[in-house]
2 protein chains.
Amino acid sequence: MTDSRPTVVIAATLDTKGVEVAFVRREFERRGVGVTVIDCGILGEAGTAASFTRADVARAGGGDLAAMRASRDRASAIPTMIRGLEAILRNLLSQGQVAGYFGLGGGTNAALASAAFAQLPFGVPKMLVSTVACGNTRPFVGIKDVMLVHSVVDILGLNAFLEDVLVRAVTAFCALVAAPPAAAVGVGRPCIGMTTFGSTTEGAMIAHDKLIGDYDVLAFHARGIGGEAMEAFVREGRIQGVLDLTTTEVADELVGGICSAGPNRLSAAAETGVPQVVLPGAIDMVNFGPPATVPERFKGRIFTSHTPHATLLRTTAEENAAIGEFIAAKLNRARGPVAVVLPLRGFSAYDIVGGPFFDPDADAAFCAALAAKLDPAIPLERIDAHINDRAVIDRATALLTAMISSSNRLEAP
Amino acid sequence: MTDSRPTVVIAATLDTKGVEVAFVRREFERRGVGVTVIDCGILGEAGTAASFTRADVARAGGGDLAAMRASRDRASAIPTMIRGLEAILRNLLSQGQVAGYFGLGGGTNAALASAAFAQLPFGVPKMLVSTVACGNTRPFVGIKDVMLVHSVVDILGLNAFLEDVLVRAVTAFCALVAAPPAAAVGVGRPCIGMTTFGSTTEGAMIAHDKLIGDYDVLAFHARGIGGEAMEAFVREGRIQGVLDLTTTEVADELVGGICSAGPNRLSAAAETGVPQVVLPGAIDMVNFGPPATVPERFKGRIFTSHTPHATLLRTTAEENAAIGEFIAAKLNRARGPVAVVLPLRGFSAYDIVGGPFFDPDADAAFCAALAAKLDPAIPLERIDAHINDRAVIDRATALLTAMISSSNRLEAP
C-alpha cells in the first residue's frame with residue numbers, strides 16, 4: 001500500500017465471488033479509481049488476488065484461518081471475519097485511505113457490506129449491488145446513507161445483463177468518489193431534530209415553518225429506524241435541539257409493533273444534555289403491516305387501516321400508562337434542559353373528535369402516569385388543544401428555542 | 001418541449017415537495033442535464049413550476065382536477081394521478097425523451113416512483129431518494145433495476161444534511177445519464193434463466209459451470225421477486241431457455257409463505273414456447289421470517305432455521321401433492337418443449353439423508369401427483385440421486401441444451 005490515494009474498498013468471499021470482484025475492480029481501475037480488495041472467504045480458494053488475504057482478516061478478527069477451515073464451522077467463522085473486516089476498515093479509515101465501500105452479493109456478502117457501512121461516517125460513498133435491495137433492507141442499511149442497487153439477477157457468475165448492472169453501479173460510484181466532499185454540516189444555523197409521522201405531519205409542518213430560517217430542521221420519520229437515526233445524530237453532535245413531537249416508537253417497543261426504535265429511544269438527548277421538548281405524538285397507535293400480519297393476541301382490539309400495508313392498533317389506557325412511565329423515566333435522567341407538552345384533545349390525526357382512535361380516557365391515563373413519575377423539576381405543560389394545532393406547536397417550539405438560546409449563552413466564553 | 005434532448009423525469013406532489021424538487025432540478029441543470037417535472041399533487045398549490053401540471057396529469061389519467069379537488073377524496077384521486085403519470089411517461093418514452101426517472105420522498109411520492117419504474121425498460125436509470133430505502137422495498141422496486149438512496153432524514157424541507165444527500169444522488173444519476181447505453185443483451189450467446197436458492201446452490205453451481213461458455217446464465221433467486229423477474233425476462237425475449245431448478249415459490253404460493261411469486265409462476269415459458277426443464281428444487285420448504293412471524297396455524301409442524309431471519313416449514317405429503325398438480329397444470333399448457341426431472345433422493349440441502357426435512361414419503365407424494373396429472377407427451381425422468389448431485393444436473397442441462405439446439409434449428413431459415 002505505497003500509493004497513498006484513498007481507494008474503494010470491496011470486501012467479499014472470494015471463493016464464491018472471485019470472478020465478479022475481479023470484473024468490478026477492472027471497471028474501477030479503467031476509470032482511474034484504485035480498489036482495495038479484502039477477502040473474507042473461509043472455504044475453497046480465492047478466485048482473485050486480494051490486498052488483505054483471508055488469513056489477514058482472520059488474524060485481525062482474533063481468529064486462526066487454518067483452524068476455522070479445519071472445523072468448517074461457517075456459523076462461528078463469519079462473525080470472526082466480520083470483526084476482522086471492521087478492524088481493517090477502521091485502520092484504513094484512520095489513515096484516510098477509504099474513498100468508499102462497494103459491496104456486491106447477497107447473504108454473507110451483504111452482511112459484510114452491512115458491517116462495513118456501520119463503520120463509515122455519513123457522506124463516505126456506500127453502495128451494495130444485490131438482489132436484497134428488493135425486500136426487507138433494514139438489516140443492511142440501518143441508519144446509514146447507503147445506495148442500494150437492485151441487481152434483479154443473482155450475482156452468481158458473469159453474464160451480459162449482470163455486467164451491465166455492475167458497470168452502471170461502478171459508473172455512479174466513481175462519480176460519488178470524484179465529487180468534492182460535502183460542506184460541513186451544522187457550521188451555520190443550529191440544527192433541530194424533529195420526529196414525524198403521517199398522523200402528526202400537520203403539526204410537523206407548522207413547526208418546520210416556524211423554525212426554518214433560524215434553524216436547520218431535520219425530520220425523522222418515527223417508524224423505528226427514524227428514531228434510531230435521530231438518537232445517533234444527537235450522539236454525533238449533529239443536532240443542537242430535539243423536538244420529539246412523535247414518540248410513537250415507544251408504543252411499538254412496549255406493546256410489540258413493527259416500528260420500535262428499541263429500548264434506548266429518548267436516551268441520547270438526555271445523556272448528552274441536548275435540549276429537548278417531548279410530546280406524545282401518535283402514542284395512541286401501534287403499527288403493523290397488512291391485517292393478516294397482526295398477531296392473534298390483539299384479536300378484538302380497535303384497529304384502523306392507514307394504508308393496505310399499514311394497520312394501526314389503538315393503545316389501551318393501561319398501555320398508555322406504561323408508555324407515560326417509560327418516557328418519564330427516560331426524561332428524569334436528562335442532564336440538559338427538557339420540557340413536556342401534553343395536548344389534551346388528541347395525540348394524532350386518528351385520535352381526534354370523530355376519529356377512529358379518539359379516546360380521552362386512554363390519553364388521560366398517559367398524562368396521569370407521566371405526570372406522576374416525572375421529576376417535578378421538569379416543566380410539564382397541558383394545553384387544551386390537539387397535537388396538530390398551532391397552539392400546541394407554538395408552545396413546544398417556543399420552549400425549545402428558548403432552551404437552545406439559553407444553552408448557547410451558557411456555553412459562550 | 002422544443003428541446004429534443006432526453007431529460008430526467010421527476011414526478012412529485014408539488015404542494016408538499018415543491019422546494020425539494022426545485023432544488024434537485026437546479027442541481028441537475030447546473031450539471032447540464034435537463035429535467036421534466038410532472039406535478040401529481042391534488043391539494044394545495046404547486047410549490048414550483050411543472051412541465052406537466054396537475055391538470056395535465058389528471059386529464060391524462062381520465063380524471064378532472066377540479067372535481068377531485070372539490071371532493072378531497074385522496075384515496076380515489078391518487079390512482080387517477082398515477083394513471084396520468086403512466087400515460088405521460090409512455091408518451092415521452094415513445095418519443096425517446098426519457099433519460100431516466102428520479103424520485104424523491106416517501107408515501108405517495110414513492111408510489112409515483114414505483115409506477116414510473118414499472119414503465120421503464122431495464123438500463124434506463126431509475127433512482128428513488130427516500131427513507132423507504134430502509135425497510136420493505138419490494139412495493140417500490142419490484143423486478144426493476146432501481147437504485148435506492150437512503151435519505152436517513154425525511155424529505156420534508158431542505159437542510160444541510162438532506163441537501164448533501166440530494167446533491168450526491170444527483171451527481172451519481174448524472175453519471176448514469178451520461179454513460180453510453182449498455183451493449184444490447186442477448187445478441188451473442190443464447191441466454192438461460194435458472195432459478196436458485198440457498199439449498200439448491202450446489203446444483204446451481206454445477207449447472208452454471210456446465211452451461212457457461214456456450215450460454216449466458218442468468219440466476220434468479222427464487223424468493224418471490226426472483227421468479228417474477230425470470231417470468232418477465234422470458235416474456236421480454238431475454239431468455240432462450242429455462243432451467244427451473246428451484247420451483248419452491250409454488251410451495252409458498254399454495255401453503256402461504258413469504259416467498260410466493262404469485263399464481264402465474266411457470267406460465268411465461270409455457271405460453272411463449274421457450275424450452276424449459278423443471279425440477280422440484282426446495283419444494284420441501286415454505287419460507288417465513290423470524291420464528292415469531294410464523295402464523296399460528298402451523299403450530300406443531302416441522303421447522304428448521306435457515307438464519308435467524310429465515311424460518312423454514314417442512315411441506316406435508318398433501319401439500320406436496322397439490323404443488324405437483326399445480327406444476328403439472330402449468331406445464332400441460334406449454335406451447336414449446338418441456339421436460340421434468342425428478343430426483344428421488346431429496347429436493348434440497350435440507351431434504352437429504354440425515355437432514356431435518358428428509359421425508360421420502362412426502363417427496364413421493366409430489367412425484368405421484370405430478371406424474372398422474374402431467375400430459376403423457378411431456379418427458380418425465382426419475383433419477384435415483386439428490387437434486388444437488390451431478391447426475392441430476394447433468395441430465396437436466398443435457399435435456400435443456402438439446403431442446404434449445406432443436407428449437408434453433410426449427411427457427412433457422
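Predicted model: local features only at pLDDT ≥ 70, side-chain atom pairs only at ≥ 80, totals over all residues.
1. A disulfide needs the two sulfur atoms within 2.5 Å, and the search of the whole structure finds 0 disulfides over all chains.

2. On domains, the unreviewed UniProt entry carries the annotation "domain: UPF0261", covering residues 6-179 and 189-402 of chain A. Residues 6-179 of chain A are 51% helix and 16% strand, and their end C-alpha atoms lie 13 Å apart. Residues 189-402 of chain A are 36% helix and 20% strand, with 15 Å between the end C-alpha atoms.

3. Next, the interface. In the model, 55 residues of chain A are in contact with 55 residues of chain B. The two chains bury about 4800 Å² between them, and carbon and sulfur atoms give 64% of that area. On the side of chain A, the residues that lose the most area to chain B are A:Leu156, A:Phe161 and A:Arg168, together 13% of what that side buries.

4. There is a polar side to this interface as well. Between chain A and chain B, 23 residue pairs are in polar contact, both residues at pLDDT 80 or more. Several elements of chain A give two or more residues to the side that touches chain B, among them β5 (147-150), α8 (201-211) and α9 (225-235). The element that gives the most is α7(A), with 9 residues.

5. Which salt bridges would I look at between the chains? The count between chain A and chain B is 2. A:Asp145 forms one with B:Arg168, where the closest N and O atoms are 3.1 Å apart. These two residues also belong to a network of salt bridges that links A:Lys126, A:Asp145, B:Asp164 and B:Arg168.

6. Over all chains, the search finds 46 salt bridges. One of them pairs A:Arg31 with A:Glu27, at 2.8 Å from N to O. A:Arg31 is partly exposed at 32% relative accessibility, whereas A:Glu27 is buried at 9%.

7. In chain B, the side chains of B:Arg189 and B:Asp216 meet at 2.8 Å, N to O, in a salt bridge. This pair links distant parts of the chain: B:Arg189 sits in the loop between α7 (160-178) and β6 (191-196), and B:Asp216 in strand β7 (residues 216-221), 27 residues apart. B:Arg189 is partly exposed, with 38% relative accessibility, while B:Asp216 is buried, with 7%.

8. My last pair is B:Arg314 and B:Asp363, a salt bridge with its closest N and O atoms 3.0 Å apart.

Conventions:
Residues numbered from 1 in each chain as written. Chains lettered and ligands numbered in written order. Heavy atoms only, no water. UniProt positions renumbered as here; feature names shortened; annotations may be inferred. Helix = DSSP H or I, 4+ residues; strand = E, 2+ residues; numbered from the N terminus. Contact = heavy atoms within 4.5 Å. Buried area = accessible area lost by both parts, 1.4 Å probe. Salt bridge = Lys/Arg side-chain N within 4 Å of Asp/Glu carboxyl O. Polar contact = N/O pair within 3.5 Å; in protein donor to acceptor, adjacent residues only side chain to side chain. Buried < 20%, exposed > 50% of the residue type's maximum accessible area, 1.4 Å probe, protein only.
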